[in-house]
2 protein chains.
Amino acid sequence: MEPIRIDDPADPRVAAFLDIRERDLAGRQGRFVAEGKVVLDVLLTGSRFEAESVLILENRLAGLAGILEKAPPALPVYVVSAAVMDRIAGFPMHRGILAIGRKGQEIPAADLLAALPERALVLVLVGIANHDNIGAIFRNAAAFGADAVFLDPTCCDPLYRKAIRVSVGAALKVPFAVIPDVGAFTGLLAESGFDNFALSPRGNLDIRQARHGGRVALYLGTEGEGLPESLLRHMRTLRIAMAGGFDSLNVAAASAVALHHFFDGSD
Amino acid sequence: MEPIRIDDPADPRVAAFLDIRERDLAGRQGRFVAEGKVVLDVLLTGSRFEAESVLILENRLAGLAGILEKAPPALPVYVVSAAVMDRIAGFPMHRGILAIGRKGQEIPAADLLAALPERALVLVLVGIANHDNIGAIFRNAAAFGADAVFLDPTCCDPLYRKAIRVSVGAALKVPFAVIPDVGAFTGLLAESGFDNFALSPRGNLDIRQARHGGRVALYLGTEGEGLPESLLRHMRTLRIAMAGGFDSLNVAAASAVALHHFFDGSD
């Protein structure tokens with residue numbers, strides 16, 4: 001890996017890094033942006049995705065030697081001054097570490113389901129549209145060894161820049177798939193031997209009493225509306241015991257408590 | 001409560017709301033800013049602190065009637081147009097709901113300790129300098145009925161605007177105090193019958209095995225460095241079992257798991 005110096009922000013080799021924030025909204029045609037040292041490390045070593053190129057602030061290069069040496073030799077690593085970095089990114093990029101990855105083919109949910117091990121813990125997310133929450137949930141999913149995350153079409157993209165950053169790269173590791181119809185998928189999970197458990201402030205069973213082991217699918221909805229009643233009717237509902245008189249937990253915090261309960265690590 | 005119309009951003013009655021973001025950094029002489037509907041509700045009904053004045057976007061006023069009627073009759077409620085709101089706040093204030101509260105006298109840590117009930121769960125935070133994390137930890141503390149939060153001097157202020165917002169108002173409810181010397185305070189907690197438990201990725205005991213009930217003090221440090229060894233030596237250390245090969249949990253997620261374990265709600 002020989003770093004390539006770039007002095008012109010309009011150099012076509014760094015076109016994929018242009019206007020990071022605007023492109024977050026407009027989309028990137030099958031690419032995503034990874035930022036920061038830890039996420040770059042995950043992308044280059046523990047990721048399901050392929051890196052396409054890396055853009056580094058010149059003064060960060062030395063500190064990344066250990067990470068960059070794990071990259072495929074053909075991966076272009078571009079090095080720029082702070083002024084060029086900011087002009088490419090379109091805002092002050094203090095971290096100074098960016099990479100473009102390729103999303104590749106989406107995994108069909110049925111294929112991901114078919115590939116799960118005999119003992120498995122999966123999340124099913126419904127309406128989680130906040131990138132911080134998606135990122136934090138993926139981080140918790142990785143920490144507690146979840147095998148897959150299924151997202152309904154109203155969830156936001158886990159490969160959005162901020163979601164990847166908040167996940168500390170977990171969004172690049174934990175396999176996920178979008179399910180077009182969560183109701184139908186619930187049936188498929190049940191047929192595949194999964195216990196469907198929905199987390200709900202009005203759940204019937206204290207989560208501490210829920211059976212773990214085997215195959216568990218844990219459903220999480222938005223903080224405000226929660227999971228739709230039509231879904232709750234078809235599964236066991238779990239509550240996290242809380243002090244009276246206070247607003248419910250943040251959904252990412254709830255995911256940590258629930259995943260920890262179902263996590264089967266023999267430690 | 002009769003709303004007072006303000007048309008001049010320089011009106012001295014709304015001076016406390018000027019340049020919200022800059023004042024976040026410079027400080028506000030014993031005041032804090034609460035923003036958003038839920039936080040305003042907490043401030044006016046469930047808070048340890050006194051509200052000084054409220055500033056509302058005209059089109060939000062009707063939706064707040066139920067909350068504002070709980071306010072003391074003498075509390076000034078100022079109403080402004082969007083243009084005046086943005087000029088006062090110094091940036092586009094889409095939420096359109098702001099309030100100033102008074103910090104009042106800080107509670108000395110020893111007084112807060114002395115006032116705790118016989119069964120008590122408290123947090124001791126060391127080096128938590130990120131406002132999102134402080135806010136999320138307070139939200140979890142309220143959800144799981146923690147009786148108090150003690151902060152070492154390197155933690156950030158829970159009454160910082162963003163911390164209050166992320167806490168959904170919990171920073172205004174859960175009593176807290178700053179401890180000048182965490183080592184000395186650890187001794188004081190032990191003398192007061194508290195079990196000192198430190199969360200640490202290298203903890204000796206799986207948290208699921210830790211005794212709960214009675215008086216429990218739970219110590220949380222930063223994600224990177226964790227709690228100082230000098231502190232860990234003097235207490236039992238707890239780990240949260242996690243899948244191998246992944247970065248540790250976010251400190252707020254860890255607080256949710258640990259508080260849920262120690263939460264004593266008979267539900």
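**A short tour of a two-chain model**

Hi everyone, let me start with one residue: at a relative accessibility of 1%, F197(A) counts as buried. Buried here means under 20% relative accessible area, exposed means over 50%, and partly exposed is in between, using a 1.4 Å probe and protein chains only. F197(A) belongs to strand β9 of chain A, residues 195-199. Helices (H or I, at least four residues) and strands (E, at least two) are DSSP runs, numbered from the N terminus.

Some housekeeping. This is a predicted model, where local features need pLDDT of at least 70 and side-chain atom pairs count only at pLDDT 80 or more, while totals for chains, interfaces and linings use all residues. Residues are numbered from 1 along each chain as its sequence is written, chains are lettered from A and ligands numbered from 1 in the order in which they are written, and side-chain values use heavy atoms, with hydrogens and water left out.

Back to F197(A) for a moment. How far apart in space are F197(A) and A99(A)? They are 98 residues apart in sequence, and their C-alpha atoms are 37 Å apart. Now take L43(A), which sits in helix α2 of chain A, residues 37-45. L43(A) is buried too, at 4% relative accessibility. Along the chain, 130 residues separate L43(A) from K173(A), yet the C-alpha atoms of the two are separated by 8.4 Å.

Next, the pocket. Rolling a probe the size of a water molecule over the atoms shows where empty space is left. The search uses a 1 Å grid over the protein atoms alone: a cavity is a set of points where a 1.4 Å probe fits but cannot get out, a pocket is an open set with protein on both sides within 12 Å along at least five of seven lines, and lining residues have an atom within 4 Å of a point. Points are joined across faces, edges and corners, and a volume is the space filled by probe spheres set on the points.

The largest pocket comes out at about 1,500 Å³. It is lined by 44 residues, and the closest to its centre are D132(A), N133(A), N250(A), D132(B) and V166(B). Which elements give two or more residues to that lining? In chain A they are α6 (131-143), α7 (161-166) and α10 (251-262), and in chain B they are α2 (37-45), α6 (131-143), α7 (161-166) and α10 (251-262). The largest share, six residues, is from α6(A). By type, the lining has 15 nonpolar, 13 polar and 16 charged residues; Ala, Val, Leu, Ile, Met, Phe, Trp, Tyr, Cys and Pro count as nonpolar, Asp, Glu, Lys and Arg as charged, and the others, Gly among them, as polar.

So let's look at α6(A). Is α6(A) mostly covered or mostly open? Mostly covered, with eleven of the 13 residues buried, including I134(A), F138(A) and R139(A). Just past the helix, G145(A) has a positive phi of about 65°.

Over in chain B, α6(B) also has eleven of its 13 residues buried. N130(B) caps its N-terminal end, through a side-chain oxygen that lies 2.8 Å from the backbone nitrogen of D132(B).

Staying with phi: most residues other than glycine have a negative phi. D19(B) is not a glycine, but its phi is positive, near 50°. D19(B) lies in the loop between β1 (4-5) and α1 (20-26) of chain B, and is partly exposed at 36% relative accessibility. V168(B), not a glycine either, has a positive phi of about 55°. V168(B) lies in the loop between α7 and β8 (176-178) of chain B and is buried, at 13%.

Last topic, cysteines. A disulfide is counted when two cysteine sulfur atoms are within 2.5 Å. How many disulfides are there over all chains? Zero, in a search of the whole structure. For C155(A), the nearest cysteine sulfur is that of C156(A), 7.0 Å away. C155(B) is in no disulfide either, with the sulfur of C156(B) the nearest at 7.0 Å. C155(B) is buried, at 13% relative accessible area.

Thanks, everyone!

Note on methods: A polar contact is a pair of N or O atoms within 3.5 Å; within protein, one must be able to donate a hydrogen and the other to accept it, and residues adjacent in sequence count only if both atoms are side-chain atoms.
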